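Please look over the sequence and the coordinates below before reading on.

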Amino acid sequence: MRILHTSDWHAGRVWKSIDRLPELVNVLENVGDFVEHEAIDLVLMSGDVFDTGVPSAEAERLVFGFLKRIGQAGTRTVLIAGNHDNPARLDAWGMLAELVNVHVVGRPRRAEAGGIIEVVGRGGDIAVVACVPFAPPRGFVSAVELAAGDTEARQRYADSLRAVVDHLAGHFRSDTINLLVAHTHLEGAVLSGSERQVHIGQEWAAAPQALPPHAHYVALGHIHRPQRVQSAPAPTYYAGSPLQLDFGEAGEEKSFVVVDARPRQPARIERVPYRGGKPLAIVRATLEQLRVNAEQLREQGWLRVEITLPARDPDINSKVRRLLPNAVSVDVELPEAERPPTIVSLKDLRPEISMPHIIVLSTAANRRTY
């Protein structure tokens with residue numbers, strides 16, 4: 001069975017007044033092409049389908065259109081809710097989504113109530129998918145414990161998640177492909193800069209050892225940095241987000257995961273880069289450097305410009321944005337004493353490749369953000 005794991009689309013995200021939906025349109029168009037060309041049997045979407053619990057009609061149209069497309073091509077999809085999603089809303093439209101081979105799980109459920117989904121692949125192999133949507137701490141601990149956030153409450157949350165996983169994984173079989181899809185944080189995972197700390201703090205983490213060792217693959221969402229969790233007892237991956245969602249993720253290569261699995265055999269796993277999103281980069285330069293390299297920088301996605309000035313310039317924000325319409329923020333660095341900035345060559349910049357996320361280094365003391 002061929003399986004594709006994707007996650008954290010955040011459809012409908014508006015970031016610094018920029019609508020990221022057109023980029024996601026391109027990304028999902030390319031993913032749809034891959035699904036059709038590679039005859040993918042099953043897509044696992046591990047949560048944060050949308051950026052908000054009340055997504056725009058445009059965001060819903062994109063997501064529904066993608067799911068309809070791959071469903072009509074014969075691919076089954078299992079989709080769970082993340083912390084940004086409205087679980088009741090997902091469960092509601094999920095009833096119709098089953099008509100195009102999409103199975104939606106908005107809230108944690110027992111196996112007999114829909115927490116386990118069985119999928120038959122094109123070759124006849126059966127996948128048993130255990131689904132663990134995002135479970136807020138208040139679902140497992142009392143309000144008093146939640147407010148205190150003490151060690152006992154954190155352990156109770158981790159133990160409760162483990163109990164959910166143990167219950168669902170008890171339905172894995174030796175003659176099936178056994179999969180777990182969850183939206184949660186595991187201890188030891190490396191965070192991206194854009195995670196919302198109210199949900200992702202270490203104090204509400206699950207232990208990797210809670211994962212079933214006999215799973216062929218564990219598909220995780222919630223953390224935007226693509227990575228394998230090395231301490232887990234089974235192959236466990238965060239697919240990560242398809243877009244660099246803010247400058248904390250600049251420089252990350254975004255990718256989805258493709259899994260080839262058969263019963264009683266280890267899965268073969270590879271990453272495939274997403275195509276269609278714009279990279280984010282931090283540019284550190286003088287105003288003259290920006291003028292000289294403006295044409296190339298305009299082709300490099302969304303920029304945060306950190307500019308070194310010898311003295312204050314009240315019009316610097318406008319000057320930079322006239323040069324670089326793709327600059328989404330401008331930081332000014334004012335040295336305490338006049339000294340020449342450190343200049344790093346930009347000769348290796350080429351529009352057709354992703355540039356390093358920090359492309360010019362400078363030293364300064366005082367910074368002002370516009």
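The buried residues of helix H1, where buried means under 20% relative accessible area, exposed over 50% and partly exposed in between (1.4 Å probe, protein chains only), are Leu-21, Glu-23, Leu-24, Val-27, Leu-28, Asn-30, Val-31, Gly-32, Phe-34 and Val-35. This is a predicted model, in which local features need pLDDT of at least 70 and side-chain atom pairs count only at pLDDT 80 or more, while totals for chains, interfaces and linings use all residues. Residues are numbered from 1 along each chain as its sequence is written, and side-chain values use heavy atoms, with hydrogens and water left out.

Helices (H or I, at least four residues) and strands (E, at least two) are DSSP runs, numbered from the N terminus. H1 has 17 residues and, at 1.5 Å a residue, should span 24 Å, which agrees with the 24 Å between its end C-alpha atoms; the expected span is 1.5 Å times one less than the number of residues. H1 is followed by Ala-39, whose phi is positive, near 50 degrees.

Buried in H2 are Ala-59, Glu-60, Leu-62, Val-63, Phe-66, Leu-67, Arg-69, Ile-70 and Gly-71. An α-helix has 3.6 residues a turn, so residues three or four places apart point the same way. The cover over the buried residues of H2 includes helix H1 (21–37), strand E4 (42–45), strand E5 (76–80), helix H3 (87–97) and strand E6 (102–105). Just after H2, Gly-74 takes a positive phi of about 95 degrees.

Across the whole protein chain there are eight helices and 18 strands, and 56% of the 370 residues count as buried. Taking contact to mean heavy atoms within 4.5 Å, residues 24 or more positions apart account for 70% of the contacts with a separation of 6 or more.

Two loop residues deserve a look. His-10 lies in the loop between strand E1 (2–6) and strand E2 (14–15), and His-10 counts as buried because its relative accessibility is 3%. Leaving aside neighbours within four places in sequence, His-10 is in contact with Asp-48, Val-49, Phe-50, Asp-51, His-84, His-224 and Leu-245. Lys-16, found in the loop between E2 and strand E3 (18–19), counts as partly exposed because its relative accessibility is 45%. Most residues other than glycine have a negative phi, yet phi is positive in His-10, near 50 degrees, and in Lys-16, about 50 degrees.

The structure also holds three cavities of 30 Å³ or more. A cavity is a set of points on a 1 Å grid over the protein atoms alone where a 1.4 Å probe fits but cannot get out, and lining residues have an atom within 4 Å of a point. Grid points are joined across faces, edges and corners, and a volume is the space filled by probe spheres set on the points. The largest cavity has about 70 Å³ of space, and its lining includes Val-132, Leu-161, Thr-184 and Leu-211.

Finally, pLDDT, the predictor's confidence in each residue from 0 to 100, has a mean of 88 over the protein chain, with 85% of the residues reaching 70 or more. Over residues 194–201 pLDDT stays under 50, and the model has 19 contacts beyond four places in sequence for this stretch. Where pLDDT is low, the predicted coordinates should not be read in detail.

Key
1 Å grid on protein atoms, 1.4 Å probe; cavity = no way out; pocket = protein on both sides within 12 Å on 5 of 7 lines; lining within 4 Å.
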